[in-house]
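Please open the model in your viewer and keep the selection tool at hand.

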Amino acid sequence: MATTLRQINDFWAMKRLAVVGVSRDPKSFSHAIWQELRDRGYDVVAVNPKAQEIDGKPCYPRVQDVDPPVDGVVVMTPPAVTDQVVQDCAAAGVAHVWLHRGLGGSGSVTPGAVEFCETHGIDVVAGFCPYMFLPESPFFHSFHRVAKRLTGSYPH
Amino acid sequence: MRTAIVVYRSQTGTTRALAEAIGDHVRARGLAATVVSVGDCDPSTLEGADVVLLGCWTGGFMIVAQGPDQPWRMFVRRMPAIRHARVGLFTTYKLATGSMFPRMRRELGDKVEAIGLELKSRTDRLTPSHRLDLDRFLDAP
């Protein structure tokens with residue numbers, strides 16, 4: 001099922017989020033997304049089984065370990081682990097999942113993860129860069145948005 | 001001991017690294033410095049500082065419409081008026097800063113009495129010239 005703008009707006013309307021796959025490297029894209037959401041006022045936690053804390057903030061091994069639980073999850077993992085992550089989201093009762101994909105590559109999206117979400121009642125945004133839908137993103141993200149519109153792949 | 005707060009808004013990590021370099025330099029000058037992003041900073045903590053440095057990456061379209069982005073502006077709107085601290089600004093940029101500093105000053109409005117430093121860098125490092133500017137800012141009467 002194609003992602004709609006309504007799903008995207010619903011996702012950003014939530015306040016407590018998790019980003020799965022946050023790197024310790026502050027220049028990595030996953031770290032930038034995590035920090036971006038914090039700077040924009042979201043109550044957002046990091047999930048990465050290989051880190052106990054990042055930037056001095058607690059980091060959780062799995063989504064179902066986050067307490068209090070989150071409303072939505074941004075998945076920034078390699079596709080090889082995405083299927084497990086969405087199963088964790090279901091176990092944690094998460095109702096909204098965003099499977100990232102930037103310019104080029106598959107991002108975190110897998111057909112199996114999308115199908116799992118759809119069959120388990122999880123509202124899934126599949127295959128979009130979160131920056132494209134945040135207000136006043138840098139111009140290259142705006143360019144990406146325009147390119148999506150021109151190619152007819154922008155959500156409606 | 002004098003205290004300094006370096007508050008930054010970074011998009012790719014470059015402004016954060018510059019903020020940390022500024023924090024290191026300020027510490028080397030004998031101040032107790034905290035470096036924190038806008039999303040992690042309690043604005044009320046600025047009231048007790050002796051030195052406040054506010055930084056943001058230069059937004060805009062290449063060489064036009066430069067300015068601080070929304071999260072930085074939102075932070076400034078939550079910020080209390082700073083009456084007793086020395087205040088400086090810094091930014092990272094690619095081509096030109098253009099209207100960046102004027103727009104940062106406009107956002108700050110009358111929350112600050114004077115801006116004692118405007119430091120801009122194309123990289124995440126401090127040059128000798130930047131260090132000199134910082135020293136003058138910190139040592140100003």
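Select Thr92(B) and Ser121(B): in this predicted model, Thr92(B) stands opposite Ser121(B), a residue of S7(B). The two strands concerned are S6 (residues 86-92) and S7 of chain B, which run parallel and are joined by five bridges. Move along the pairing to Leu89(B), which faces Glu118(B) in S7(B).

**Strand S6 of chain B**

Now select the whole of S6(B). How many of its residues are buried? Seven of its seven residues are, so the strand is mostly covered. Colour the side chains by the direction in which they point. Arg86(B), Gly88(B), Phe90(B) and Thr92(B) point one way, while Val87(B), Leu89(B) and Thr91(B) point the other way.

Seven bridges join S3(B) to S6(B), and the two strands run parallel. Within this pairing, Leu54(B) has Leu89(B) as its bridge partner.

**The sheet of chain B**

**Helix H1 of chain B**

Select helix H1 (residues 14-28) of chain B. At 1.5 Å a residue, its 15 residues should span 21 Å, and the end C-alpha atoms are 21 Å apart, which agrees. The buried residues of H1(B) are Thr14(B), Thr15(B), Arg16(B), Leu18(B), Ala19(B), Ala21(B), Ile22(B), Gly23(B) and Val26(B). When following them along the helix, recall that an α-helix has 3.6 residues a turn, so residues three or four places apart point the same way.

To see what covers these buried residues, display strand S1 (3-9), S2, strand S3 (51-57), S6, S7 and helix H4 (128-139) of chain B, which are included in the cover. Then step past the helix to Gly30(B), which follows H1(B) and has a positive phi, near 95°.

**Chain B as a whole**

The C-alpha trace spans about 40 × 35 × 25 Å along its principal axes. For 141 residues, a compact globule would have a radius of gyration near 14 Å, and chain B agrees with its 14 Å. Buried residues make up 43% of chain B. Of its contacts between residues at least 6 apart in sequence, 78% join residues at least 24 apart.

**From chain B to chain A**

Display both chains and select the contact region: 15 residues of chain B are in contact with eleven residues of chain A. On the side of chain B that touches chain A, strand S4 (59-61) and helix H2 (70-78) of chain B each supply at least two residues. That side has three nonpolar, eight polar and four charged residues.

**Chain A**

From the N terminus on, the order is α-β-α-β-β-β-β-α-β-α-β-α. Chain A has a radius of gyration of 14 Å, close to the 15 Å that the globule rule gives for 156 residues, so it is as compact as a globular protein of that length. Buried residues make up 38% of chain A.

Select the open sheet of seven strands, with the order S3-S4-S2-S1-S5-S6-S7 (chain A) and mixed pairing. Strand S3 (53-54) and strand S7 (123-128) of chain A are the edge strands, each pairing on one side only.

Two helices deserve a selection here. Helix H2 (residues 29-39) of chain A lies across strand S1 (16-20), strand S2 (43-47) and strand S5 (72-75) of chain A, and runs at about 170° to S1(A). Helix H4 (residues 111-119) of chain A packs on the sheet and touches S6 and S7 of chain A, its direction making about 160° with that of S7(A).

End at the pairing of strand S6 (residues 96-100) of chain A with S7(A): these strands run parallel and are joined by five bridges. Here Leu99(A) stands opposite Ala126(A) in S7(A).

Definitions and conventions
Residues are numbered from 1 along each chain as its sequence is written. Chains are lettered from A and ligands numbered from 1 in the order in which they are written. This is a predicted model: local features need pLDDT of at least 70, side-chain atom pairs count only at pLDDT 80 or more; totals for chains, interfaces and linings use all residues. Two residues are in contact if their C-beta atoms, placed from the backbone, lie within 7 Å. Helices (H or I, at least four residues) and strands (E, at least two) are DSSP runs, numbered from the N terminus. Ala, Val, Leu, Ile, Met, Phe, Trp, Tyr, Cys and Pro count as nonpolar, Asp, Glu, Lys and Arg as charged, and the others, Gly among them, as polar. Two strands pair if DSSP finds at least two bridges between them. Axes are lines fitted to C-alpha atoms, for helices over the stretch in contact, and angles run from 0 to 180 degrees between N-to-C directions. The radius of gyration is taken over C-alpha atoms; the globule rule is 2.2 Å times the number of residues to the power 0.38. A residue is buried if 20 or more other C-beta atoms lie within 10 Å of its own, exposed if 12 or fewer, and partly exposed in between; C-beta atoms are placed from the backbone. The expected span of a helix is 1.5 Å times one less than its number of residues.
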